[in-house]
Amino acid sequence: MLSYILRRIVATLPVMAIVALFVFSLLYIAPGDPAVVIAGDQASPEDVERIRQSLGLDRPFLVQFGSWVWRILHGDLGTSIFTNLPVSAMIGQRLGPTLSLMMITLLLTIVVAVPLGVVAAWKAGSLIDRVIMGFAVFGFSLPVFVVGYMLAYIFALELEWLPVQGYTPLAQGFWPWLENLILPAIALGCVYIALVARITRAAMLEVLQQDYIRTARAKGLGQGGILFIHALKNAAVPIVTVIGIGIALLIGGAVVTESVFAIPGLGRLTIDAILRRDYPVIQGIVLLFSFVYVLVNLMIDVIYTLVDPRIRY
């Protein structure tokens with residue numbers, strides 16, 4: 001097991017190197033000169049050149065990239081162009097709301113989507129199955145911001161059941177923290193729930209056709225035990241995979257969701273940095289999101305070895 005994990009970690013290193021090269025290249029791919037953006041429209045050419053030298057933009061590309069990677073390895077993500085604050089500190093300040101939103105969304109997805117998929121497979125071809133799959137198609141088709149605005153209008157503005165925007169830290173109370181995340185989590189989780197429900201149904205349909213399921217039925221085992229103990233356990237591999245891969249949906253959707261509900265998280269910070277063309281902040285956030293995605297995929301590979309005995313270390 002340990003050797004397999006080490007091999008998977010080594011295999012992720014080239015991926016992270018390519019990601020780091022792409023993230024650093026954003027500075028050159030984006031239109032415009034960062035030095036001109038910092039200096040402003042009224043700056044003289046001498047001022048722009050002085051800023052370029054202070055940022056190291058006058059050095060060769062590979063030298064800049066090597067220096068940037070060296071700082072990254074020492075935990076230095078750079079300094080914001082506009083606030084002069086360390087990027088790592090800015091990310092740390094915004095990390096809590098984003099982690100809270102993603103955690104609630106992930107929990108909501110597992111609690112709702114997996115049972116829906118199981119029931120749809122159990123009642124395959126029935127009205128219940130068609131209703132659940134219709135909901136899945138509908139949820140997968142709606143953009144996150146449309147769902148967010150609909151929920152905010154109905155439950156926050158009209159019914160006044162929940163706050164329309166903002167975030168309350170968990171330290172100030174569990175319910176104030178949770179009530180600010182209910183609507184954003186539902187909006188962000190609609191696509192995720194639809195995806196996981198469809199995959200769960202497909203995996204369960206395949207497992208329910210196996211001989212050992214018919215044997216369990218013949219022995220008189222209850223339907224609940226067959227579905228949630230025998231069938232779901234053996235259908236877990238594709239379900240766990242899509243839940244892990246869906247982390248990318250959460251990361252991308254968090255950017256939009258936090259903007260709709262004014263949550264001061266990493267998504268909102270990303271939008272602000274893009275609008276101001278704050279390149280060090282953009283690079284730091286993209287690098288962090290990429291690292292999280294690679295880490296999640298590594299965890300999925302490890303879980304594969306635990307739930308699927310056919311995989312050799």
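What share of the 313 residues of the chain counts as buried? I find 41% in that class, where buried stands for under 20% relative accessible area, exposed for over 50% and partly exposed for the range in between, with a 1.4 Å probe and protein chains only.

I note that this is a predicted model, in which local features need pLDDT of at least 70 and side-chain atom pairs count only at pLDDT 80 or more, while totals for chains, interfaces and linings use all residues. Residues are numbered from 1 along each chain as its sequence is written, and side-chain values use heavy atoms, with hydrogens and water left out.

Next I looked up the overall fold. The chain has 15 helices and 0 strands, both read as DSSP runs (helices H or I, at least four residues; strands E, at least two) and numbered from the N terminus. The domain assignment, automatic or from a database, lists domain 1 (1-74) and domain 2 (90-307), and I find their C-alpha centres 32 Å apart. Along the principal axes, the C-alpha atoms fill a box of roughly 85 × 55 × 35 Å.

Met-150, Tyr-153, Ile-154, Leu-157, Leu-159, Trp-161 and Val-164 make a nonpolar patch of about 690 Å²; patch residues have over 30% relative accessible area and no salt bridge, with nonpolar side chains joined within 5 Å and like charges within 9 Å. A salt bridge here is a Lys or Arg side-chain nitrogen within 4 Å of an Asp or Glu carboxyl oxygen. Ile-154 sits in helix H7 (residues 144-158) and counts as partly exposed because its relative accessibility is 37%.

How values were computed:
Areas by Shrake-Rupley, 256 points an atom, 1.4 Å probe, with all protein chains shown as cover.
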